[in-house]
Every structure is written in structure tokens, then in C-alpha cells.
Amino acid sequence: MNRRQRIWFEESGSRLDPGLIEQLRISRRSTIQTASSNEIPVIIRYRSRCGEDEKDDLLKQCNIDSHNHLEQEIRIINSTKGRLTPEKIKEIKDHQAIERIYYDRPVSAYLDITDSQIGSGKVREEHNLSGKGVTIAVLDTGIHPHADLTTPENRIIAFHDVINGQAEPYDDNGHGTHCAGDAAGNGALSDGEYKGPAPESAIVGVKVLDGSGNGNLSHIIAGIEWCMHNKSTYDIRILSLSLGSKALESYRNDPLSLAAQEAWHAGMIVCAAAGNDGPAPSTIGTPAINPFIITVGAADDRDTVERADDTIADFSSRGPTIDQLIKPDIYAPGTNIISLLAPGSAAETQYADQVIEENYIQMSGTSMATPVCAGVIALMLEANPSLSPNDVKSILQMTGEPVFGNQWGYINAESAVEMALRYVENRRQSASVDSQSS
């Protein structure tokens with residue numbers, strides 16, 4: 001029996017990621033003429049000790065014609081991005097500068113009574129907290145300057161557009177505006193009825209997805225990198241990522257996972273949506289597969305304040321992750337969430353029957369649960385600005401109500417904020433003991 005001859009990209013070892021190998025298979029099935037000029041978006045990760053001369057040589061080999069070009073460096077994961085033909089990938093895959101080549105695969109938004117249900121309203125009343133002084137960056141489809149974010153003062157303190165390079169805030173899809181309201185809407189146009197957990201938090205809008213709610217890994221990574229560079233300028237403490245892509249390999253190798261991890265280690269609290277591919281197990285997407293960051297699943301609150309009838313939303317992705325890690329880390333309400341409408345957006349047209357009172361729209365997904373969690377974290381940071389990302393994650397998990405079997409718990413804003421405040425007192429006591437002993 002004749003054995004099938006293996007193709008070059010099947011023998012590349014760890015040099016090519018699974019997504020790129022699949023794209024090369026698709027390209028190979030095309031005609032030779034089509035395949036020869038078929039550009040594939042790629043991310044090339046350099047070796048850790050790669051020299052500048054080796055990088056320059058690689059760029060020289062790749063930037064030779066209109067079909068092959070590496071155009072932008074991605075410093076936070078020691079990489080570069082561009083578009084290459086299969087023939088060029090074959091030629092340079094063993095170059096001394098390269099550790100791994102990835103397919104710059106598509107990323108999409110995760111879309112499929114909250115305030116009282118999670119206890120954030122009670123927190124604001126009893127502890128006089130509102131997220132004031134805490135900045136949340138929403139990396140999504142953009143942000144519309146809705147009155148609930150700009151009245152009585154404009155809390156959109158910055159906007160960065162990775163997709164189209166525009167300077168003024170806008171949202172041609174509507175998903176990002178809804179997410180911003182999930183975290184920090186103040187209910188200005190609804191007499192306070194539709195309000196997020198942190199109605200006085202500052203918002204930074206980062207547009208990394210287009211009008212259809214789609215982008216690429218490199219777009220999201222560029223948005224994360226921008227947030228890291230501007231962390232001090234806008235005092236960005238929280239990144240809310242209601243988006244993702246199918247996880248094809250370990251968090252240790254996935255470029256989007258690694259970028260989110262870099263932001264976490266830089267002191268930013270990263271919240272990422274688990275995904276909407278439930279109820280099947282092992283459906284957590286990237287960057288949510290990363291064990292450091294906070295992965296948020298969606299609960300179905302059945303439109304009641306009581307939690308006895310709540311369940312995990314059917315669409316919410318389940319663990320374990322591709323690395324067999326337990327995820328999500330926390331659950332928050334994610335079904336039939338009413339939040340801000342971006343006028344003229346794709347959402348307004350596609351979900352016309354879900355528009356509420358002209359200024360709001362109802363949506364469901366782990367996309368909605370994620371900024372709700374980010375808003376609760378803003379309350380925790382206002383209560384105790386010294387909390388580290390690891391502190392925040394531990395508090396959320398320890399105070400989450402264990403209502404979903406053996407899963408991590410259901411977010412409880414009141415308990416989380418009270419524990420955050422106890423952290424302050426514990427540190428004061430420790431400092432007092434240390435001063436007395438010295």
C-alpha cells in the first residue's frame with residue numbers, strides 16, 4: 001500500500017500554528033494560479049533573542065512585491081503582522097528570526113433587573129460607591145456618545161480607532177456602545193432605570209471590530225497594546241473584552257491570549273467573555289482560555305431579582321479550556337440585558353424589535369455579562385484602589401455564590417466590595433503591628 005506523501009506545511013513542526021495549516025490546506029485545494037497570489041494574513045512571532053539584523057533580513061525577504069508584505073510590529077508579543085502567499089510562507093518558515101507563524105484569524109463580538117440582581121445598586125447606596133475615579137477600557141466596535149455616558153459630564157475620556165483611524169467616538173455596529181452601558185451607563189435618559197453597576201466610571205473606547213462586529217487577532221492585540229501604552233495617561237485599570245475567536249492551541253502559544261496576559265502582568269484587570277458556543281463542553285474561546293485573566297460566563301436570571309431560579313445561560317460557553325483548565329472564573333447576568341443604543345448602527349437595524357424607548361436596546365450574550373463584571377470591579381477598585389489584578393480575581397471567586405453546581409460562583413457585588421474594604425482594614429492592621437514590633 002502506498003503511503004500518502006506529506007505536504008510541506010504538515011511537516012513544519014511547531015513553526016506553523018493549526019489555524020495557518022488549515023488555511024494552507026484551503027489554499028492548496030484552489031488552482032495553482034489562485035494559490036500563488038492568495039495572500040494570507042499572518043502574525044510572525046520572533047525568537048526571544050532574535051537580533052535586529054535577523055529581523056531586517058526577514059523583512060527584506062518578505063517585502064518584495066504587492067502580494068507579500070510585513071507592515072506593522074506588535075511589540076507586546078515580540079511579533080510582526082502582514083500578508084504572505086503560501087509560497088512565501090514556505091520559503092521563510094525556517095528563517096532564523098522566526099519562532100512561530102500564526103494565521104491572523106477572525107475575531108468577532110460575542111452576541112447571541114441586572115443592577116438589583118447582582119447587588120450593585122445596594123452597594124452604591126450603602127457604601128456611596130459609583131465607580132468614580134476608575135477607568136474602564138471597552139475594546140469592541142466603538143462607542144457612541146450616548147447621553148447616559150455624557151450627561152451630566154462626558155465620561156468618555158478617550159477614543160482610539162484601530163479599524164478606520166477616526167478621531168471622534170462612533171459605533172457603526174452598536175455592540176460596543178451596549179457593552180459600555182452594561183458597565184457604566186447612568187440611566188440619564190431612563191430616569192435611572194437602565195443603569196450599569198458603575199455609573200460614574202470613566203470610559204475609554206477602543207474600536208477593534210468593524211461595523212459587522214468582526215476583526216482579526218492583530219486588531220485586538222493592537223488595541224490591547226494601545227491601552228498598555230496609555231495606561232498612565234488615562235489611568236486605565238480594567239479592560240473589558242466582549243469578543244473572541246475559537247481556541248486552537250494552548251494559551252501559552254495563542255497570540256491573543258499572550259497579549260491579554262501581558263496586560264494583566266502590567267497591572268490591568270482583564271475581563272474576557274467566555275464565548276457563546278454552549279452548552280457543549282470545551283468551548284471557551286481565546287483570549288478567555290488564559291488562566292491569569294478573568295473569564296466571564298453568562299447567567300440567565302429569568303428576569304427576576306431572586307437567584308433561586310437562575311441557571312447558566314444555554315449559549316454560554318463551558319470549560320474545560322483547551323489546556324483542561326477550569327473556566328469560566330465567574331458568572332454574571334447575560335440574557336435580555338437592556339443597555340445603550342447607538343443610533344444608525346447595524347444593531348438598530350438588525351434587532352429593531354428589541355429597541356426599547358428609542359434610546360436603549362435589549363441584547364444577550366457573554367458579551368453583556370463581561371462588562372457587568374467590569375462594572376462591579378470598578379466599584380471594588382473605588383473602595384480599595386490598591387487591589388492588584390490577582391486580588392480582584394480572588395475576591396470575585398471567593399465571594400461568588402455557588403449556585404451552579406461545581407462551577408465557580410455567581411457574581412455578588414455586595415460581598416465583593418465588602419471584602420475589598422476588609423483588605424484595606426487588614427493592611428492597616430498589618431502595618432500597625434509591623435510599626436509596633438519595630
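Axes are lines fitted to C-alpha atoms, for helices over the stretch in contact, and angles between N-to-C directions run from 0 to 180 degrees. Helices (H or I, at least four residues) and strands (E, at least two) are DSSP runs, numbered from the N terminus.

This is a predicted model, in which local features need pLDDT of at least 70, side-chain atom pairs count only at pLDDT 80 or more, and totals for chains, interfaces and linings use all residues. Residues are numbered from 1 along each chain as its sequence is written, and side-chain values use heavy atoms, with hydrogens and water left out.

## Helix packing

Two packed helices are described by the angle between their axes and the distance between the axes. Helix H13 (residues 366–383) and helix H14 (residues 389–399) have axes that come within 11 Å and cross at roughly 110°. The pair therefore counts as roughly perpendicular. The classes are: under 35 degrees roughly parallel, over 145 roughly antiparallel, 65 to 115 roughly perpendicular, and the rest oblique. H13 passes H14 in a right-handed crossing.

Contact means heavy atoms within 4.5 Å. From H13, Cys373, Ile377, Met380 and Leu381 meet Val392, Ile395 and Leu396 of H14.

H14 is mostly covered, with 8 of its 11 residues buried. Buried means under 20% relative accessible area, exposed over 50%, and partly exposed in between (1.4 Å probe, protein chains only). Among the buried residues of H14 are Val392, Ile395 and Leu396, along with Asp391 and Lys393.

H13 also packs against helix H8 (residues 175–184), at an angle of about 35° and with the axes 7 Å apart. On the H8 side, His175, His178, Cys179, Asp182 and Ala183 make the contact; on the H13 side, Ser367, Met368, Pro371, Val372 and Gly375 do. H8 passes H13 in a right-handed crossing.

## Strand pairing

Two strands pair if DSSP finds at least two bridges between them. Several pairings are listed here.

| Strands | Sense | Bridges |
|---|---|---|
| S2 (residues 69–74) and S3 (residues 79–84) | antiparallel | 5 bridges |
| S1 (residues 40–46) and S4 | antiparallel | 5 bridges |
| S5 (residues 106–109) and S9 | antiparallel | 3 bridges |
| S6 (residues 135–140) and S8 | parallel | 6 bridges |
| S7 (residues 156–161) and S8 | parallel | 5 bridges |

## The four-strand sheet

An open antiparallel sheet of 4 strands has the order S2-S3-S1-S4. S2 and strand S4 (98–103) stand at the edges with a single partner strand each, so one side of each has no neighbour in the sheet. Neighbouring strands are turned by 25° against each other on average, direction ignored. Helix H1 (residues 18–29) packs on this sheet and touches S1 and S4; its direction makes about 60° with that of S4. Helix H3 (residues 52–62) lies across S1, S2, S3 and S4, running at about 145° to S2.

S2 and S3 form a hairpin with 4 residues between them. In the turn, asparagine 78 has a positive phi of about 50°. Histidine 69 stands opposite arginine 83 in S3. Elsewhere in the sheet, isoleucine 43 stands opposite tyrosine 102 in S4.

## The three-strand sheet

Another open sheet holds 3 strands, in the order S9-S5-S11, with antiparallel pairing. Its edge strands are strand S9 (214–216) and strand S11 (243–244), each pairing on one side only. Helix H9 (residues 217–229) packs on the sheet and touches S5, S9 and S11; its direction makes about 80° with that of S9. Proline 106 has asparagine 216 in S9 as its bridge partner.

## A buried strand

Strand S8 (residues 202–207) has 6 of its 6 residues buried, so the rest of the structure largely encloses it. Ala202, Val204 and Val206 point one way, and Ile203, Gly205 and Lys207 the other. Valine 138 stands opposite glycine 205 in S8. Aspartate 161 has lysine 207 in S8 as its bridge partner.

## Aromatic pairs and a loop

The structure holds 4 aromatic pairs. Rings of Phe, Tyr and Trp (its six-membered ring) pair if their centres lie within 6.5 Å; planes under 30 degrees apart count as stacked, over 60 as edge-to-face and the rest as tilted. Tryptophan 226 and tyrosine 234 form a stacked pair, 6.0 Å centre to centre with 25° between the planes. Tryptophan 226 is buried, at 16% relative accessibility. Tyrosine 234 is partly exposed, at 25%.

Glutamate 358 is found in the loop between strand S17 (355–356) and strand S18 (360–363). At 67% relative accessibility, glutamate 358 is exposed.

How values were computed:
A crossing is left-handed if the near helix is turned anticlockwise from the far one by less than a right angle, and right-handed if clockwise.
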